[in-house]
Amino acid sequence: QNLDLCLCCLWWKARSASSDPSNNPVLYDEFLSYDMLPSATRLIILPSLPFSNLLFPRLHHANVELRTAYINQAISKQIETIQKANNNNVRIRMISFGAGYDVRSIRLRSMNMIDEAYELDRPEVISSKQKIMERLLIRRRQRKKNRPHKFIDVAAHHLPTLIGIDLNDTNNNRLPMVLRDILLGTTTTTTTQSNNSTPQCYTIFLFEGVMIYLNKGVPTELLRICSQAVSSLPSSASASLVFADRLENIDSADTSTNCRMDAARVEFNKVGWKLDEWCPKPGMARHMGIAQHI
């Protein structure tokens, strides 16, 4: 069931991200999602087919478009702000929770927008994605051979570090230990110098459509664990959180946007985050925004 859901999300994103970049520049992903798909599916949803939009009208995947577009813009804005504040002398690390078959980490790494990428998901998802990424590299090499100047390069070092973990199991100490290892740089495959000339590393935590499948209480606990992991580091460590998901204890508030934003601000403050931006939408993963570590 987890793998089927991952494939559905990849399929929905490929429908939007493979269209003309002039029409959807925020969604366009250089055909990365498309190249992750099984061969038969790639033929069926080929955007150039004249009947493609008739067969697949913009229904559920239009809602996925909303959150994808928001997250892409939010992360780009965060990176630009961080680099500007640090004179482009800061490394960017992104940690994605429950990313499934999403290709955002690969795209950002291949475009040199981030320096490190980690994805935490169920072991069976991680195992499957590893195989799919190997196939992706083969397809991208063929694309590069056929049209060398049209698509971005994707090499093995652009792939995220995948870590298998059950996010629902917050009772043991594994997740805090994994996050601390990542933040300290002990899990990265890139050698990090420890002298004063080494740029500091800024962390972006990403939650997209994963909290809606977690047990009660777990989403709030995950936010707390992320905040505590950052707080355990030297005072120079900083982080932000980008989300398009369903937070806990929000929908019980007044139906107005401002009241729910106030409720979200309170919930984030409880677990060590300050709400910086609030942009709700329809659907299950209806809460979108940015929060800063405090």
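**Entry 1: Glu116 and Arg93**

I began with Glu116, which is buried, with a relative accessible area of 5%. I noted at the outset that I was reading a predicted model. I then looked up the partner of Glu116 and found a salt bridge with Arg93, in which the closest N and O atoms are 3.2 Å apart. This pair links distant parts of the chain, since Glu116 belongs to strand S2 (residues 116-121) and Arg93 to strand S1 (residues 90-97), 23 residues apart. Arg93 is also buried, and its relative accessible area is 4%. I recorded the general point that side chains of opposite charge can pair when their charged atoms come close.

**Entry 2: Glu119 and Lys129**

I stayed with salt bridges and turned to Glu119, which forms one with Lys129; the closest N and O atoms are 2.6 Å apart.

I next asked which helix holds Arg140. I found Arg140 in helix H7, which covers residues 123-146. Is Arg140 buried or exposed? Its relative accessibility is 4%, and the cut-off for a buried residue is under 20%, so Arg140 counts as buried.

I listed what Arg140 touches, leaving aside residues up to four places away in sequence. The list consists of Glu30, Phe31, Leu32, Asp35, Phe151, Ile152 and Val154. I also looked up the separation of Arg140 and Asp153, which are 13 residues apart along the chain, and their C-alpha atoms are 7.4 Å apart.

**Entry 3: Asp35 and its partners**

The side chains of Arg140 and Asp35 make a polar contact of 2.9 Å. Asp35 also forms a salt bridge with Arg42, where the closest N and O atoms are 2.8 Å apart. Asp35 has 0% relative accessibility and counts as buried. Arg42 has 17% relative accessibility, and because the limit is under 20%, Arg42 counts as buried as well.

**Entry 4: Lys13 and a network**

How many salt bridges does the count come to? I noted 18. I then looked for linked ones and found a network of salt bridges made up of Lys13, Arg67, Asp102, Arg104 and Glu208.

Lys13 sits in helix H1 (residues 2-17) and is buried, with a relative accessible area of 10%. Apart from residues up to four places away in sequence, Lys13 touches Ser33, Val64, Thr68, Asp102, Arg104 and Glu208.

**Entry 5: Helix H10**

I turned to helix H10 (residues 257-270) and tested its span. At 1.5 Å a residue, its 14 residues should span 20 Å, and the end C-alpha atoms are 20 Å apart, which agrees.

Which residues of H10 are buried? I found Ala263, Ala264, Glu267 and Phe268. Seen down the axis of H10, these buried residues fall within an arc of 135°, so they line one face of the helix. I looked up what this face packs against and recorded helix H9 (218-231), strand S5 (238-245), strand S6 (273-278) and S7. After H10 comes Gly272, and I noted that its phi is positive, near 90°.

**Entry 6: His293**

I followed strand S7 and located His293 there, in the run of residues 287-293. With residues up to four places away in sequence set aside, His293 touches Ser227, Val230, Ser231, Ala239, Gly272 and Trp273. Gly272 in this list is the residue noted above with a positive phi. I also recorded that the side chains of His293 and Ser231 are joined by a polar contact of 3.0 Å.

**Entry 7: The whole chain**

I closed with totals for the protein chain. Its secondary structure comes to ten helices and seven strands. Of its 294 residues, 51% are buried. I looked up contacts between residues at least 6 apart in sequence, and 72% of them join residues at least 24 apart. The accessible surface comes to about 14300 Å², and carbon and sulfur atoms account for 52% of it.

Methods. Residues are numbered from 1 along each chain as its sequence is written. This is a predicted model: local features need pLDDT of at least 70, side-chain atom pairs count only at pLDDT 80 or more; totals for chains, interfaces and linings use all residues. Side-chain values use heavy atoms; hydrogens and water are left out. Helices (H or I, at least four residues) and strands (E, at least two) are DSSP runs, numbered from the N terminus. Buried means under 20% relative accessible area, exposed over 50%, partly exposed in between (1.4 Å probe, protein chains only). Contact means heavy atoms within 4.5 Å. Accessible areas come from the Shrake-Rupley method with a 1.4 Å probe; for residues, only the protein chains shown count as cover. A polar contact is a pair of N or O atoms within 3.5 Å; within protein, one must be able to donate a hydrogen and the other to accept it, and residues adjacent in sequence count only if both atoms are side-chain atoms. The expected span of a helix is 1.5 Å times one less than its number of residues. The arc is that of the directions from the helix axis to the C-beta atoms. A salt bridge is a side-chain nitrogen of Lys or Arg within 4 Å of a carboxyl oxygen of Asp or Glu.
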